[in-house]
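The exercises below are meant to be worked with the sequence and the model open side by side. Try each task before reading the solution that follows it.

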Amino acid sequence: MKKALLLVSVLFISVISTACINRYAVQELNNTAKAYLQQGDYQNAIERLKSSVDLDDSIFESHYNLAIAYTHAEDYVNAIKSYKKAIALNPDYADAYFSLAVAEEDFSVDLAKGVLNLDEKGNPVKVDEETLAKQEKIELTPIEQEKINSLLADAVKNYNLYLEKGVDIQDKDEVQEKIDSLIEEQYNNKNIDGSTEEISQQSDM
């Protein structure tokens, strides 16, 4: 499966206005982070956005931008956390659910391909290219398969929420096909290990 892609229209959102005393500093940090992100310098973008959040953690845009930077850096654990913080601040912003689903789906893909392994504590560890090239077959541990199934279920839920909350969605059919594909993938996983809970099409967040 190819990795999911972020919507082009939501690659970055600038802070338009805030009521906090640090408004100018937050705006400057977000603008600087945007420039770094456009250059592909994700780590510097992340550091600026973390500083923005430290100044004022009540700003949706800062959390959302940080989540996108983490997604580009393939730090899916922190990306997912930041998307959820952003959604808590603005639960009606449909594209945030799409972007969260993308991070969850991409995380599952990297686990399934062996690009990431989970350690004994369940934390993702990147596999070096030389080790990955030598692997003839990807052997997933039970905890990795369980994590993949959980990520697929969450991605389906959030893609559904994107469709539910979005207005005049242009890619509705494409997203629905993606949902159907992820449901089929989890169904296949269930047949392999017999332990996966069935994904519901309902948006039960």
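**Exercise 1.** Determine how helix α4 and helix α5 are placed relative to each other in this predicted model, and find which residues form their contact.

*Solution.* Begin with the axes: helix α4, residues 76–89, and helix α5, residues 94–112, pack at an angle of about 160 degrees, and their axes lie 10 Å apart. Because angles over 145 degrees count as roughly antiparallel, α4 is roughly antiparallel to α5. Next comes the handedness, and here α4 passes α5 in a left-handed crossing. On the α4 side the contact is made by Tyr76, Val77, Ala79, Ile80, Tyr83, Lys84 and Ile87, while α5 contributes Ala96, Tyr97, Ser99, Leu100, Ala103, Glu104, Asp106, Phe107 and Asp110. Sorted by class, this contact of α4 with α5 holds 11 nonpolar, 1 polar and 4 charged residues.

**Exercise 2.** Carry out the analysis for α3 and α4, giving the angle, the distance between the axes and the residues that meet.

*Solution.* The angle between α3 and α4 is about 160 degrees, and their axes are 8 Å apart. The angle makes α3 roughly antiparallel to α4, and α3 passes α4 in a left-handed crossing. From α3, the residues Phe60, His63, Tyr64, Leu66, Ala67, Ile68, Tyr70 and Thr71 meet Tyr76, Asn78, Ala79, Ser82, Tyr83, Lys85, Ala86 and Leu89 of α4. Divided by class, the contact of α3 with α4 has 11 nonpolar, 4 polar and 1 charged residues.

**Exercise 3.** Which residues have the most contacts inside the largest nonpolar core, and which element gives the most residues to this core?

*Solution.* The largest nonpolar core has 44 residues, and those with the most contacts inside it are Tyr64, Tyr83, Phe107, Leu111, Tyr159, Tyr162 and Val175. The element that gives the most is α5, with 10 residues.

**Exercise 4.** Describe the chain as a whole, starting with how many helices and strands are in it.

*Solution.* The chain has 8 helices and 2 strands, and from the N terminus on its elements follow the order α-α-α-α-α-β-β-α-α-α. Of the 205 residues in the chain, 42% are buried. Finally, among the contacts in the chain with a separation of 6 or more, 61% join residues 24 or more positions apart.

Key
Residues numbered from 1 in each chain as written. Predicted model: local features only at pLDDT ≥ 70, side-chain atom pairs only at ≥ 80, totals over all residues. Heavy atoms only, no water. Axes fitted to C-alpha atoms, helices over the stretch in contact; angles between N-to-C directions. Helix = DSSP H or I, 4+ residues; strand = E, 2+ residues; numbered from the N terminus. Parallel < 35°, antiparallel > 145°, perpendicular 65-115°, else oblique. Left-handed = near helix turned anticlockwise from the far one by under 90°. Contact = heavy atoms within 4.5 Å. Nonpolar A, V, L, I, M, F, W, Y, C, P; charged D, E, K, R; others polar. Core = buried A, V, L, I, M, F, W, Y, C linked by side-chain atoms within 4.5 Å. Buried < 20%, exposed > 50% of the residue type's maximum accessible area, 1.4 Å probe, protein only.
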